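I opened my notebook to get to know a new structure, one look-up at a time.

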Amino acid sequence: MTSWTATGLAAATTYSFKVRACDPSGNCSPYGAAASGTTSDGGTNPPAGNLPAHVLTGYWQNFNNGATVQKISDVPAAYDVIAVAFADADAAKPGGITFNLDSAGLGGYTVAQFKADIAAKQAAGKKVILSVGGQNGTISVADPTAAANFASSALSVLRAYGFDGIDIDLENGVNAQYMGQALHSLQSQFGSGLVVTMAPQTIDLQSTSAEYFKLALAIKDILTIVNVQYYNSGSMNGCDGQVYSQGSVDFITAQACLMLQGGLRPDQVGLGLPASSRAAGSGYVAPSVVNNALDCLTKGTGCGNYKPSSPWPSLRGAMTWSTNWDATNGNQFATQVGGHVHALP
């Protein structure tokens with residue numbers, strides 16, 4: 001068999017070819033049937049996952065902490081990505097994860113119902129992913145063994161429940177090298193449709209030298225969205241060198257541009273905010289402020305003191321903690337922010 005490489009072809013374009021074999025003397029077989037193929041887009045488009053250009057992500061609580069208890073079927077249709085919070089650490093396997101549905105805490109919600117509800121959301125075009133970490137998450141992937149354990153156990157859990165992907169929300173630190181290896185391994189086994197998201201704290205994306213930022217860049221080729229938590233943060237440096245206090249449009253916009261200046265594509269950037277004042281210790285803003293931040297970053301309108309030199313129309317969208325707290329707050333985030341996200345050009 002002879003291999004060949006075509007050069008000078010346009011990206012993301014379908015071509016048709018006919019092929020024949022020739023020996024060194026110039027004797028050739030007849031041309032075979034026409035075959036077609038599509039060239040790569042060079043990695044400029046969002047990774048696979050069949051998500052809309054702009055998406056709303058919401059975390060769904062697999063526990064009862066006083067917010068409205070929900071089944072997956074109760075999550076409003078405005079949410080394009082539902083991140084199930086959270087996976088559990090496998091005590092017998094360093095780096096390994098498991099998942100245990102809190103049926104008792106969720107009013108008797110069964111595993112069979114849970115799986116059926118995931119499938120129904122997927123049939124409606126939504127993605128349901130598993131979040132790893134959270135405030136109390138203790139999963140550590142800091143060596144090759146842990147990376148292999150994470151990838152194999154995550155693949156098993158994703159397949160068992162029908163999840164579309166994985167979310168990294170480790171608030172006690174990450175190791176970019178080995179978590180990057182684990183996620184690439186998982187993606188290679190799961191397939192190109194794996195949805196990979198991250199939800200770092202604000203301080204974790206202040207510099208490209210931070211491990212979380214290094215992780216985002218290390219998996220840029222398979223990364224779907226980074227939804228930074230713009231809450232519980234205090235004051236932070238913005239990309240323009242100014243210090244901004246949380247709870248304002250400037251805090252959100254001047255932080256988001258750090259990711260863009262640091263090397264992530266606009267379609268990989270989302271804005272994470274609490275769904276209500278009870279959902280976080282600090283940093284809650286009204287849905288109108290979230291929408292202003294989205295407009296500032298995508299259109300250059302609705303800005304505060306900080307205004308980007310040029311807009312990023314393909315910014316991916318917004319995220320909230322959580323769909324449960326949103327329900328407690330009358331689903332304002334889903335209705336107002338979700339509607340705004342989906343109306344972005």
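Here are my entries, from the whole chain down to single residues.

**Ground rules.** I am looking at a predicted model, where local features need pLDDT of at least 70, side-chain atom pairs count only at pLDDT 80 or more, and totals for chains, interfaces and linings use all residues. Residues are numbered from 1 along each chain as its sequence is written, and side-chain values use heavy atoms, leaving out hydrogens and water.

**The whole chain.** I counted eight helices and 14 strands in the protein chain. Helices (H or I, at least four residues) and strands (E, at least two) are DSSP runs, numbered from the N terminus. Of the 345 residues, 49% are buried; that word means under 20% relative accessible area, with exposed over 50% and partly exposed in between (1.4 Å probe, protein chains only). I then looked at contacts, meaning heavy atoms within 4.5 Å. Among those between residues at least 6 apart in sequence, 72% join residues at least 24 apart.

**The cavity.** How many cavities of 30 Å³ or more does the structure hold? I found one, and about 30 Å³ of space lies in the largest cavity. A cavity is a set of points on a 1 Å grid over the protein atoms alone where a 1.4 Å probe fits but cannot get out, and lining residues have an atom within 4 Å of a point. Grid points are joined across faces, edges and corners, and the volume is the space filled by probe spheres set on the points. I listed the lining as Thr 202, Leu 205, Gln 206, Val 228, Tyr 230, Gln 255, Leu 258 and Met 259. Helix α5 (residues 249-261) gives the most to it, with three residues. The lining divides into five nonpolar, three polar and no charged residues. For this, Ala, Val, Leu, Ile, Met, Phe, Trp, Tyr, Cys and Pro count as nonpolar, Asp, Glu, Lys and Arg as charged, and the others, Gly among them, as polar.

**Val 75.** Is Val 75 buried or exposed? I noted 2% relative accessibility, so Val 75 counts as buried. Val 75 sits in the loop between β3 (55-61) and β4 (81-85). Leaving aside residues up to four places away in sequence, Val 75 touches Trp 60, Gln 70, Ile 82, Lys 121 and Thr 323. Val 75 and Asn 331 are 256 residues apart in sequence, yet 9.6 Å apart from C-alpha to C-alpha.

**Backbone notes.** Asn 331 has a positive phi of about 55° although it is not a glycine. I placed Asn 331 in the loop between α7 and α8 (332-343), and at 24% relative accessibility it counts as partly exposed. I also noted a cis peptide bond joining Ala 85 and Phe 86, with omega about 10°. The peptide bond from Trp 321 to Ser 322 is cis too, with omega near 0°; Ser 322 lies in the loop between β14 (317-321) and α7 (323-328).

Terms used
On a 1 Å grid over the protein atoms alone, a cavity is a set of points where a 1.4 Å probe fits but cannot get out, and a pocket is an open set with protein on both sides within 12 Å along at least five of seven lines; lining residues have an atom within 4 Å of a point.
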